[in-house]
Every structure is written in C-alpha cells, then in structure tokens.
Amino acid sequence: MPVESGSSASSRQAKQKRKSHSLSIRRTNSTEQERTGLQREMLEGQDSKLPLSLRSNLLDLFGQIEREFENLYIENIELRREIETLNDRLTAEGQTIDGGDLTKGALKAKASHSTSQLSQKLKTTYKASTSKIVSSFKATTSRAVCQLVKEYVGHRDGIWDLSVTRTQPMVLGTASADHSAMLWSIETGKCLLKYLGHAGSVNSIKFHPTEQMALTASGDQTAHIWRYMVQLPTPQPVADISQTPCDDDIDFSDKDDAEGDGDGPNECPSIRVSSTTLRSHQGVVIAADWLVGGKQVVTASWDRAANLYDVETSELVHSLTGHDQELTHCCTHPTQRLVVTSSRDTTFRLWDFRDPSIHSVNVFQGHTDTVTSAVFTVGDNVVSGSDDRTVKVWDLKNMRSPIATIRTDSAVNRISVSVNQRIIALPHDNRQVRLFDMSGVRLARLPRSNRQGHRRMVCCSAWCEDNSSCNLFSCGFDRQAIGWNINIPALLQEK
C-alpha cells in the first residue's frame, strides 16, 4: 500500500474540511431549497399575472431579506446575553473575572474603586449646597402665596392688553380683538365703560398719567385718545377664596371659550367717537404709550416704524425708523424722555429724547427670535422678553451683555415689572404666568387648575401698585382678565 507524503496528507485534510463545510452549507441550502420549492409550488397554484421567472426572483429576494433578519435576531440575542453577563459582573463589585481576562478584571476593579471614590467626593462636596438649594426652594413654594381675587369676563374675543389707571378712580382697562376696549371696576368686576371707536382689533391700552384719558392702538392703522367719566359702584362682600400655593401643578383640559358671554358689558355705557385720532401709519398699530408728562405719545406699527405725536395738535413730531421687521411693542420711561421699541428682527432699540437737538439710538442685540416686549424698570434697567423663551435684564449703561438671563419653557409675551416689589411677571404661551426677581431667581407661579387660571395663551400682565386687593392682572386668549393678590415676603425678594 503506498504511503502518502506530508504535503498530500495536509492537502487531503484541507479538502476534507472544505468538503465538510460545503456539506453543511449544502444541508442548509437544501432546507431552504425545499422550503423555496414548496413556496414556488404554492405560487404556481395561485392565479397571478406576473411571469413565473419574475415571481421566482421576488421569492429569492424575500428569502435573502428573511435570512438577514434571522442573522440580526441571533446577534441581538447574543448581545443581550453579553449585557446580562456584564451586569452580573458589575453587580459583583470587586470580584475578579475568571478566565484569561485578569488584566481587564484588574482594570475594572480599579475603575470601580475610583468611581466609588469620585461618587463619595461629589456627595461630600455638594451635599451642603444641595441642602441649601432644596431648603430655599421649599421655603419659596410654601411661603409665596398667590390668590385669585376677581375674574373680568365680557369680551367676545381674546384680550391682547390691559392696564391700570395711575390716578383715582382706579379702574382696569382691557383691549380686545373684538374691536372694543373696556373699563372695569377692580373691586366688583363690573364693566363701567365700553369704547367702540375702532374699526379693527384693539391691540393696546394705556392711561394718561394725570388725566382721565385713555390711549388705544388698533389694527385699523390708527391710535385713538378718548376721555372717560366713570363712577365706581359700591363694592360687595367678596366670597372668601382659600389661599392657593403658587406652584399648583394641577392641569386641566383646554376649554373652547370662557364661560359667561354675559349681557353685563352690553348694559354699560359706551363711547363711539375719539377725542383725537392719530393717523400716519401704513400698517397695524400694535402698541402705544404716553411719554412722561402726557403731552406726547409714541406708537409702534407693523410698518416697521414708531411715531412720536403731539397730543394737542395730533401732528407727527418724529418718525423713528431703523427696525428691519415689524414692531411688536413700545414702552416709555416713567420719569425720563426715553422710549424703547421691540421688533420681530430680534432686537430692541432705545430712543433718547432728553436733548431736543440730539436723538440718540442704541440697539440691543441679545435674542435669537422675536422680541415681544421691552419695558423700563426703576433706575437704569430694561427687561426684554422674547419668543426664544428667554427674558433678559439689561443695564442701560452697558448694553453689551445682560446682567441677568431667565430661561423658560415657553415663549414670553408682554411682560411687566412691579415698581415697588421689583418683581417681573412673565405671561407665557403655555397658559402659565411666572414671577421672577430682577436677578433671575424664580419666586412663584400663578395657580392654574380646573377652577382658576387661564385656559389659553396669556398675552399680557400688568401690576397695580396702589390697590390692596389686586396687585397683578393678566389677560389672554380665553377672553378674560384675572386679578391676583401676590404676597411675596420681603425675605424671598431679598434672595
């Protein structure tokens, strides 16, 4: 018998391996071929307009897809097993890894040890500061009390703006998309007067600093100045409303309309003719305000300009141009001849009229979306709110960067700042009204539940410094204005 050489023996073994491998493949392929044959026979027995060759190609493609999914499924199972094994090893905490992975085990034990040390260090370092933060938060939520006092219902469309008179008698004014402005008794919630002089949505209302005159801006491209005479009704006993913590997290389903389109406002007297009509804008007049002294007014329009008028002559004094897009708001300083205008171009501008010969303009660029409002505070600060979900406090002496930034979870509409308490009220698109101090620390959130609060977007807020029952008002798309009593302890304000 001939003896095989080493090379022939090795080649024979390689052929046997290839043969066994090919046999295993053939065995698998034969199973698939049997299954494919059965499927093809079933396809041949079915009625179809496709040629048999095309149907066979489709079947082969589907088979390949099925095999790919099988492989992915097997890999997924193996990965899950490996994850479970790793989890078991991590749970052991300090046990060595058997097998030849001693190096990895040592590294893992070292990493586990260093991780535990780091965790302990973090706990020790930040335990005290975290406790302080939590304790201050608990004190804020438990001691800051916001109470709903009165609801002012009667408009037949959303309320864009509201304001409170600066002189007696103290009344609340609202501007609505139903083409009307209303004056309300703060104590009783009764409509005292209705202004019907505009032919479009009334977007803004502001009261004269010393006289009984109101300034309204409208979508009819005009601003009106009209006088009013009201007599406050005798206040009735108010039902005791339990005090509600400011962080009321109860939510409710959105309702279509505010309840009570009553006939009360229709019974109150109305004014249909203005004392003065200011015309010169080529677009919607979105806001208007009185300059200090009440002898001039400024208006902001969608025609990208703000106009300064003389009240006595109704003449246009200055046209303030420079914004690249529509204006959204304007505000005047309470004691100086300063005007701030905000725009959809993501900026707001400060106009200085203190020197009649020089009208300086400063541009503030700090937002990334529409600046919905910018208002003055006591001193040299301006607070701006934007659709980019931020509110920023600026120093007029340094406009390069804000001194405080408040980040929220919803777009911010027309904000207001309390002169006495130095608190910022932020109305949001998500029906919330939040309160912050000038350093950006959150103080409270007005309650919003099934029984109280706004049901739709809150458009505006306004503070009342001289009224004991209601010191904050808000209005929105739910066609109602709400009067709140805000009790922020002095200790929280200092923080």
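The side chains of Arg 227 and Glu 211 meet in a salt bridge, with 3.3 Å from N to O; a salt bridge here is a side-chain nitrogen of Lys or Arg within 4 Å of a carboxyl oxygen of Asp or Glu. This pair links distant parts of the chain, 16 residues apart: Arg 227 belongs to strand β8 (residues 222–227), and Glu 211 to the loop between β6 (202–207) and β7 (213–218). The model is predicted, so local features need pLDDT of at least 70 and side-chain atom pairs count only at pLDDT 80 or more, while totals for chains, interfaces and linings use all residues. Residues are numbered from 1 along each chain as its sequence is written, and side-chain values use heavy atoms, with hydrogens and water left out. Helices (H or I, at least four residues) and strands (E, at least two) are DSSP runs, numbered from the N terminus.

**Salt bridges**

- The structure holds 7 salt bridges.
- Arg 227 is partly exposed at 47% relative accessible area, and Glu 211 is also partly exposed, at 33%; buried means under 20% relative accessible area, exposed over 50% and partly exposed in between, with a 1.4 Å probe and protein chains only.
- Asp 380 forms a salt bridge with Lys 397, and their closest N and O atoms are 3.7 Å apart.
- Asp 380 lies in the loop between β20 (371–376) and β21 (381–386), and Lys 397 in the loop between β22 (390–395) and β23 (404–407), so this pair ties together parts that are 17 residues apart in sequence.
- Asp 380 is partly exposed at 31% relative accessibility, whereas Lys 397 is exposed at 70%.
- A salt bridge also joins Asp 409 and Arg 434, with the closest N and O atoms 3.2 Å apart.
- Because Asp 409 lies in the loop between β23 and β24 (416–417) and Arg 434 in strand β26, the pair ties together parts that are 25 residues apart in sequence.
- Asp 409 is partly exposed at 44% relative accessibility, but Arg 434 is buried, with a relative accessible area of 8%.

- An open sheet of 4 strands has the order β20-β21-β22-β23, with antiparallel pairing; two strands pair if DSSP finds at least two bridges between them.
- β20 and β23 are the edge strands, each pairing on one side only.
- From one strand to the next, the twist averages 15 degrees; axes are lines fitted to C-alpha atoms, for helices over the stretch in contact, and angles run from 0 to 180 degrees between N-to-C directions.
- β20 and β21 pair in the antiparallel sense over 5 bridges, and Val 371 stands opposite Ser 386 in β21.
- The largest nonpolar core has 25 residues, and those with the most contacts inside it are Phe 348, Phe 376, Val 383, Leu 396, Ile 424 and Leu 426; such a core is a set of buried Ala, Val, Leu, Ile, Met, Phe, Trp, Tyr and Cys residues joined through side-chain atoms within 4.5 Å.
- The elements that give two or more residues to this core are β17 (338–343), β18 (347–355), β20, β21, β22, β23 and β25 (423–427).
- β20 gives the most to this core, with 4 residues.

**The sheet β12 to β15**

- The order β12-β13-β14-β15 describes an open sheet of 4 strands with antiparallel pairing.
- β12 (285–290) and β15 (316–321) stand at the edges with a single partner strand each, so one side of each is left without a neighbour in the sheet.
- Neighbouring strands of this sheet are turned by 20 degrees against each other on average, direction ignored.
- Strand β14 (residues 305–310) runs antiparallel to β15 and is joined to it by 5 bridges; the bridge partner of Leu 308 is His 318 in β15.

**The β26–β27 hairpin**

- Strands β26 (residues 433–437) and β27 (residues 442–445) pair in the antiparallel sense over 3 bridges, with Leu 435 opposite Ala 444 in β27.
- This hairpin has 4 residues between the strands, and Gly 440 takes a positive phi near 95 degrees.

**Helix α2**

- Helix α2 (residues 52–92) has 41 residues and reaches 60 Å from its first C-alpha to its last, close to the 60 Å expected; the expected span is 1.5 Å times one less than the number of residues.
- Arg 55, Ser 56, Leu 59 and Gly 63 are buried in α2.
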